[in-house]
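Take a look at the protein model below.

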Amino acid sequence: MASDPARRAVSIQADPAGRLPGQAMATSHAATDGEFRAVGQAGPAGQTGSDGQTAAATVSSPAAASPAAASPAAASPAAVGPAPVIRAVGLTLSFGERDILRDISLDIRPGVVTALLGPTGSGKTTLLRTFNRMNDKVTGYRHAGDVLLDGDSIWQSGTDTMALRRKVGMLFQRPNPFPMSILDNVVSGVRAHRLAGRGQLREIAERRLREVGLWDAVSGRLKDSPFRLSGGQQQLLCLARALAVDPEVLLLDEPTSSLDPVATESIEALLRTLIPQLTVIIVTHNLAQARRVADRTIFLNKGRLVEHGDTQQVFENPAEEETAHYVSGRFG
Ligand SMILES: Nc1ncnc2c1ncn2[C@@H]1O[C@H](COP(=O)(O)OP(=O)(O)OP(=O)(O)O)[C@@H](O)[C@H]1O
Ligand SMILES: [Mg+2]
């Protein structure tokens, strides 16, 4: 089931079955970010309140534990599975007394798109927001177990959440541009992290806006408020902002749920161009979208991780009856 991620990533880009043309101009709505809340911007709803930032259990040697790393075929780079970018180990997530997800262990492969599926309320958003510690300050949120990013616990003492969110960016279902100009939005993270000098900012903004297909629509009004853009354009702006800091992982929570088909297609096409440099985890209720864009698929249900495998296998030959029911549209 587990084929080589690097090869698979290439096949994603070239896959004609995806029916995705190259990057297109998009004009719809989108959702974004999170990673720059630490810059002093208001975050999305649900960020306030405090939580006894539960200390995570320490977990040892994630990279060395990669099954592929132990393979005798290690001499051939093509046969070696790279270490997971994100690894959840015995992760239980709760709000108050209620466990939302229990004992989740999973590896997210680098350089591929992973779809996170499950019925409403199954904990997809909670899991996604845990990966860059967006839930830490939500009232009642608790975690046990651990999440490792490139082998290190995201909760280890001294972890800078701003730096974490630079590495693990996020797009929300609804766009959340910052109250500053379009140009300043795109480069806000670049500025905050001092990734470039002032003289480079406009060029960076242009490159990122072109990348998401928004340049032609906004090039004449870079100093304008983003709130006059359409919802879809705002979403693309937030995507440009998220990409501008060169994240390692991009978390997408139903990013196209309010988009028209053309804009959805352009986002999906863009995802393909970002792979394999970027690792993407996308929550979607759109099963066809998961099949189109995702290399790997995870299915959550009733507080458990039911199945995790190659997308084709999960959809066409699911190991679990529950998964079969869900992917055939019989519930959820
Ligand atoms: N801040 C919170 N406080 C208390 N309970 C919460 C909080 N956020 C989420 N929950 C609960 O956690 C469970 C999982 O929610 P979550 O948003 O992760 O589900 P989801 O799979 O993303 O659902 P959907 O597909 O509808 O977006 C739900 O029962 C929800 O009510
Ligand atoms: Mg959700």
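## Overview

This is a predicted model. The protein has 332 residues, and 47% of them count as buried. Its secondary structure comes to 11 helices and 10 strands.

Take the contacts with a separation of 6 or more: 75% of them are between residues 24 or more positions apart.

## The six-strand sheet

Start with the open sheet of six strands. Their order is β6-β7-β8-β3-β9-β10, and the pairing is mixed. The edges belong to β6 (168-171) and β10 (304-310). Each of these has a single partner strand, so one side of each is left without a neighbour in the sheet. From one strand to the next, the twist averages 15°.

Strands of a sheet pair through backbone hydrogen bonds, and they can do so parallel or antiparallel. Here β3 shows the parallel kind. It pairs with strand β8 (residues 279-283) over four bridges. Valine 113 has valine 280 as its bridge partner in β8. Four bridges also join β3 to strand β9 (residues 296-301), again in parallel. There, leucine 116 is the bridge partner of isoleucine 298. The link between β9 and β10 is antiparallel, with six bridges. Isoleucine 298 stands opposite histidine 308 of β10.

## A buried strand

Is β3 buried or exposed? Five of the five residues in this strand (residues 113-117) are buried, so it is largely enclosed by the rest of the structure. Both of its faces are covered. Val113, Ala115 and Leu117 are buried on one side, and Thr114 and Leu116 on the other.

## The nonpolar core

Leu116 also matters for the core count. The largest nonpolar core has 75 residues, and Leu116, Ala240 and Ile282 have the most contacts inside it. Helix α7 (residues 231-244) gives the largest share of this core, eight residues.

Which residues does alanine 240 touch, leaving aside those up to four places away in sequence? They are Val186, Arg208, Leu209, Glu211, Val212 and Leu214.

## The four-strand sheet

A second open sheet has four strands in the order β2-β1-β4-β5, with antiparallel pairing. Its edges are β2 and β5 (152-153). Each has a single partner strand, so one side of each is left without a neighbour in the sheet.

Strand β1 (residues 86-95) and strand β2 (residues 98-108) are joined by seven bridges and run antiparallel. Arginine 87 stands opposite aspartate 107 in β2. The two strands form a hairpin with two residues between them. In that turn, glycine 96 has a positive phi of about 60°. On to the next pair: β1 and strand β4 (residues 141-149) share eight bridges, also antiparallel. Phenylalanine 95 stands opposite tyrosine 141 in β4.

## One residue up close: aspartate 103

Aspartate 103 sits in strand β2. Is aspartate 103 buried, exposed or partly exposed? A residue is buried with 20 or more C-beta neighbours within 10 Å, and exposed with 12 or fewer. Aspartate 103 has 15 inside 10 Å, so it counts as partly exposed.

Aspartate 103 touches Gly90 and Thr92, not counting residues up to four places away in sequence. Threonine 92 is 11 residues from aspartate 103 in sequence, and 5.0 Å from it in space, C-alpha to C-alpha.

Helix α2 lies across β1, β2 and β4, and runs at about 125° to β1. Eight of the eight residues of α2 are buried, so this helix is largely enclosed by the rest of the structure. Among them are Lys124, Thr125 and Thr126. Just after α2, arginine 133 takes a positive phi of about 60°.

Which residues come nearest to ligand 1? Of the 13 residues around it, they are Phe95, Thr120, Lys124, Thr125 and Thr126. The largest share of this shell, three residues, comes from helix α2 (residues 124-131). The shell divides into three nonpolar residues, nine polar and one charged.

Methods. Residues are numbered from 1 along each chain as its sequence is written. Chains are lettered from A and ligands numbered from 1 in the order in which they are written. This is a predicted model: local features need pLDDT of at least 70, side-chain atom pairs count only at pLDDT 80 or more; totals for chains, interfaces and linings use all residues. A nonpolar core is a set of buried Ala, Val, Leu, Ile, Met, Phe, Trp, Tyr and Cys residues joined through C-beta atoms within 7 Å. Two residues are in contact if their C-beta atoms, placed from the backbone, lie within 7 Å. A residue is near a molecule or strand if its C-beta atom, placed from the backbone, lies within 6 Å of it. Ala, Val, Leu, Ile, Met, Phe, Trp, Tyr, Cys and Pro count as nonpolar, Asp, Glu, Lys and Arg as charged, and the others, Gly among them, as polar. Two strands pair if DSSP finds at least two bridges between them. Axes are lines fitted to C-alpha atoms, for helices over the stretch in contact, and angles run from 0 to 180 degrees between N-to-C directions.
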